[in-house]
Amino acid sequence: MTLKLRNQTAIVGIGSSTFGRGLEESQLKLGSIALAEALRDSGLKRSDIDGISIHMGWPLGIDYDRAAEAYGLNTRWVYQSWLHGRFVTSALQAASMAVACGMASVVACITAVSFTRERHILGGPGDLEGCREDGGSHGEVPYLGLTAPAGGAALSMQRYMSLYGATSEQLAAVPIAFRKHACLNPKALMQEPLTLDSHQSARMVVDPLRLYDCCLVSDGAIVTLVTTADRARDLRQKPVYISGMQGIRSGRNEFIFAPPGLGIQQQGVGPEFSNPVFNNDVYEMANISRNDIQGLYTYDAFSPLVLFVLERFGFCATGEAARWVQNGAIELGGKLPMNTSGGLLSEAHVGGWNSISEMVRQLRGQADGRQISSCNHLQWATCWGDSFILGNQA
Amino acid sequence: MTIRTPLFRKSPESLPFWQAAQEGRLVLPFCPKCDQPHLPVGPVCPFCFSDLIIFKESSGKGKVSSFTVVHKQWFPDFYRPLPYNVVQVELTEGPRLMGIFEEKDIADLTVGANVEVGFKILTPELTLIVFSPE
C-alpha cells in the first residue's frame, strides 16, 4: 500500500530578492535576502529549517553545502539535482515527500541564480554538457553547430509547424499574454506590452524561435518553504497544500522539449503515442479533474513549450494548441490563465520558482491586480510530463 | 586551412558507425534477435535488451523529419558561416539521424523532403553527415 499524500504537505513561506540583469550581488547574497523574506513571510525561524532542496547549483546557482554553511543552517535532509531547469518540479516534490515521511520538518527550496554572469555555459564553446556523446540533454549536436536549449526547442517547433500548420504569428500569442501579465507585476523585468509587430520584427535566434520566444537571461533568488499540513495550519499564512504530484516521463518516446507523438529524436509518431495515457496521475492524487484547474503554470523557457504542455495534459487536442491560445485564452480573464506573473519570458528567469511563488500568492488571495477570483486549484505542469497541483482547501 | 570545431565526443559503441562514415558508408546497429535497428548507437538493443549488436549497411535514404536554421553566433570562428542549418532525418529503416542539409539545395529543405546521405571528411576525427535531395 502506498502513502496517501494529497494535502499532507504545504507551501508556507515564499521570499525573493530583486530580479535584474547584471546584478552586483553574488547568488549567495541574493539567496540570503530571499531566505530572510521567506522566514518573515511564514513566521518560521532559521533554526526551524532542517532540509534543503536545490535544482540549480553551482555555477549558475548555489550548492546546498555552501548555502547551509553561509546561512548557518543545519540540515538532516538534502536534495540537489543535476543542474537543469527541468528539475524544478522534482525539487518541490522531493521536499514534499521528505516532510511527509518525517525525514525533515521544514525544507527550504533555494534557487539563487545569475544567468547573466554564467550565460556562457548555456550554449556555445562553454557548454560542456552539450557535448554529451550522442546528443546533449536538449538534443545538442555541437559539432554541427546545434547548441543551447533553444536549439532543441526550435527543432520541435519547426516540425510542429509543418505537421499542424501553426505559424509564428500564432505562437506570438504566448509571449504577448505573459508580457501583459508582467505589466501587472512591478517586480517583472519587462514592463512594456509586446505587440505582434514587435514579436515578428525582432531577430530570429534559431528558426522558428525569435527573440521574444526565448526566456529572459536574468539574476535573482527565490526561497520556498515546505512543511507538513499540520504544521502549516499553525503558521502565519493560509496554507497552500500540495494536492497532487506526478514525475518526469522518460524513454524513447520522450524528448524534453516535445510532447510525445511529435516525432523528434526517436519518438514514435501518432495518436497511440500522443494520447495523454499517463497524464492523469496528478489529477487522481488531487482527486479533481483538469476542469477544476483555474490556472496553469509552466516552465516557459521557450514559447512552444507552452503549446506542448497544453496538449500533453489534455487541455486541448494534439495539434490544436496554436489555435487554442488565440484571443486571450491564456490571459487573465481567459479560458485558462497561464503564468500570471509573467513567467520566464517576461518576469524573470528564476528556474520557474517565480511562477510557483505566483501560484502561492494566487491561492492566498494576495495576487493584487492579477488575482484569479475564487481561486482554489492551480496546476504546475511541464511538457516533459511532471506536474503538481496546489490548493487552498484542506 | 584549420577547421576549429567544438568538442566532439564519440561513445565506444559508436566507433564502428564513425569508422564506416569515414569510408563513405552509412551503417546502423541491428539486433540479431529482434532484427530492429536503433539510434543512437547503444550497448544493447533498446527493444529486446539483447547485448548482441551487429552493424549493417543502411540504404542511406530517408525523409527530413525536422530541421532548424541557426542565426545566433554561438560559436566564435565556427567553420560554418551564419545562418546555417541542421537537419534530423528519419531513415527508411526507422531511426532518426542528425546531419546538415547540402547548402546549395537549401531551397528544397522542408519537412518531408526525400534525401540521401553523403559524407564529408573535415578532419581525421570528424566526418560530417550531409543530406541532399534524392
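**Exercise 1.** Determine how α7(A) and α12(A) are oriented towards each other.

*Solution.* The two helices are roughly perpendicular to each other, a class that covers angles of 65 to 115 degrees. In this predicted model, where local features need pLDDT of at least 70, side-chain atom pairs count only at pLDDT 80 or more and totals for chains, interfaces and linings use all residues, side-chain values use heavy atoms, without hydrogens and water. Residues are numbered from 1 along each chain as its sequence is written, and chains are lettered from A in the order in which they are written. The angle between α7 (residues 173–182) of chain A and α12 (residues 303–312) of chain A is about 100°, and their axes lie 8 Å apart. Contact (heavy atoms within 4.5 Å) is made by V174(A), P175(A) and F178(A) on α7(A), and by S303(A), V306(A) and L307(A) on α12(A).

**Exercise 2.** Identify which residues touch the most other members of the largest nonpolar core.

*Solution.* A nonpolar core joins buried Ala, Val, Leu, Ile, Met, Phe, Trp, Tyr and Cys residues through side-chain atoms within 4.5 Å, where buried means under 20% relative accessible area (1.4 Å probe, protein chains only). Among the 136 residues of the largest core, these are I11(A), Y160(A), F302(A), L307(A), L310(A) and I330(A). Leaving aside neighbours within four places in sequence, I330(A) has contacts that include V174(A), F178(A) and V306(A).

Conventions: Axes are lines fitted to C-alpha atoms, for helices over the stretch in contact, and angles run from 0 to 180 degrees between N-to-C directions. Helices (H or I, at least four residues) and strands (E, at least two) are DSSP runs, numbered from the N terminus. Angles under 35 degrees count as roughly parallel, over 145 as roughly antiparallel, 65 to 115 as roughly perpendicular and the rest as oblique. Buried means under 20% relative accessible area, exposed over 50%, partly exposed in between (1.4 Å probe, protein chains only).
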